[in-house]
Amino acid sequence: MLFAAVVAARATAYLFSKLLLVGMGPFTLMGLRFLIAFALLALVFHRKLRAMDRRTFLHGLLLGALFFIVMGFELVALTMTASSTVSFLENTAIVFVPLFAAVGARRLPTVKTIACTAIVMAGVMLLTTGEGMGQFGFGEFLALMAAVFYAVVIIVTARVARDDDATCLGVLQVGFIGLFGLITALVFEQPALPSSPTEWMFLAILVLVCTGFGFTFQPVAQRHITSEQAGLLLAVSPLVGGILGVVVLGEPFGPATCAGMALIIVGILVTNVEPCQGKALPRRAARVTRLADR
């Protein structure tokens, strides 16, 4: 339940980021959002942060650097294409996870992995060339790059969250994302603060809900579930992001777009569904099976 809530909270960031990017640079928004969130989180969890060891600090730095790359691709993509498109494309990450695992193990991907990848790519084609979406452009490419690095984040988080303090990891990665975002903004942009009370409200939602809750508690939640369960629950994100984009921002939605979204969701879900094994049957089901055999 916590992981599903985290995914849903982070999915709302596509909407509020899209609205704020009208008057702010992507890296300025990233730096401001994550540094404010880190300052608040550091006040709450300062005792844990003081007690962390060097390994946890380095792992937090690694996760922060990887997430900075993901967020960079995501925010720049949002300046070029619809938020619902970015949401669905970025969450194809879960399809890349088994592909990367196969490459890391130096073996061929399974038939199911190849089939799910084909399903998702078909969905991507329909989504990006559907009603009013235009052709596959640079914004869509950036969103897919965000998916590739998000898959790397999922794999790395699964490895380090079980050995380190998950709360410290979540707070540290938020701080490093903000730090890297601020440095990049100072180099490539002209940083500017939100210009209206409405924009400050959107930023507050990004800081408290999408970042303070959504990013910090992902390692905490992922520590207690399997990667397969995490993959299934990631399907919540494109659903929430897509619905908000269509309903609030009025982004294009028709038969082709709907079919593309559906194919991506199917590919994400089937990727992580494992066949039920006989030894895992509940006692009552096993008893019924034995009676049937007799």
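**Group meeting: core, salt bridges and a surface patch**

Start with Leu29. Beyond its neighbours within four places in sequence, Leu29 is in contact with Ser17, Leu20, Leu21, Met24, Leu75, Leu203 and Leu206. Contact here means heavy atoms within 4.5 Å.

A word on the source. This is a predicted model, in which local features need pLDDT of at least 70, side-chain atom pairs count only at pLDDT 80 or more, and totals for chains, interfaces and linings use all residues. Residues are numbered from 1 along each chain as its sequence is written, and side-chain values use heavy atoms, with hydrogens and water left out.

Now the overall fold. The chain has 16 helices and zero strands. Both are DSSP runs, numbered from the N terminus: helices are H or I with at least four residues, strands are E with at least two. Take the contacts between residues at least 6 apart in sequence: 90% of them join residues at least 24 apart.

Next, burial. Of the 294 residues in the chain, 48% are buried. Buried means under 20% relative accessible area, exposed means over 50%, and partly exposed lies in between, with a 1.4 Å probe and protein chains only. The chain exposes about 14000 Å², and carbon and sulfur atoms supply 70% of that area. Areas come from the Shrake-Rupley method with a 1.4 Å probe; for residues, only the protein chains shown count as cover.

Back to Leu29, and the core. Which residues have the most contacts inside the largest nonpolar core? They are Leu29, Met30 and Tyr150, in a core of 70 residues. Helix 9 gives the most to this core, eleven residues. A nonpolar core is a set of buried Ala, Val, Leu, Ile, Met, Phe, Trp, Tyr and Cys residues joined through side-chain atoms within 4.5 Å.

On to charges. The structure holds two salt bridges. The term requires a side-chain nitrogen of Lys or Arg within 4 Å of a carboxyl oxygen of Asp or Glu.

One pairs Asp165 with Lys48, at 3.3 Å, N to O. Asp165 sits in the loop between helix 9 (138-160) and helix 10 (166-188), and Lys48 in helix 4 (residues 46-51), so the pair ties together parts 117 residues apart in sequence. Asp165 is partly exposed at 29% relative accessibility. Lys48 is also partly exposed, at 38%.

The other joins Arg55 and Asp164, at 3.0 Å, N to O. Arg55 is in helix 5 (residues 54-78) and Asp164 is in the loop between helix 9 and helix 10, 109 residues apart. Is Asp164 buried or exposed? Buried, because its relative accessibility is 2%. Arg55 is partly exposed at 43%.

Cysteines, briefly. A search of the whole structure finds zero disulfides. The cut-off is a pair of cysteine sulfur atoms within 2.5 Å. Cys168 is buried, with a relative accessible area of 1%. Cys210 is buried too, at 0%.

Last, the surface. Ile36, Leu40, Leu43, Val44, Leu208 and Val209 make a nonpolar patch of about 550 Å². Patches are made of residues with over 30% relative accessible area and no salt bridge; like charges are joined within 9 Å, nonpolar side chains (Val, Leu, Ile, Met, Phe, Trp, Tyr) within 5 Å. Helix 3 (26-44) and helix 11 (197-213) each supply at least two of the patch residues. Helix 3 has the largest share, four residues. Leu43 is found in helix 3, and Leu43 counts as exposed because its relative accessibility is 65%.
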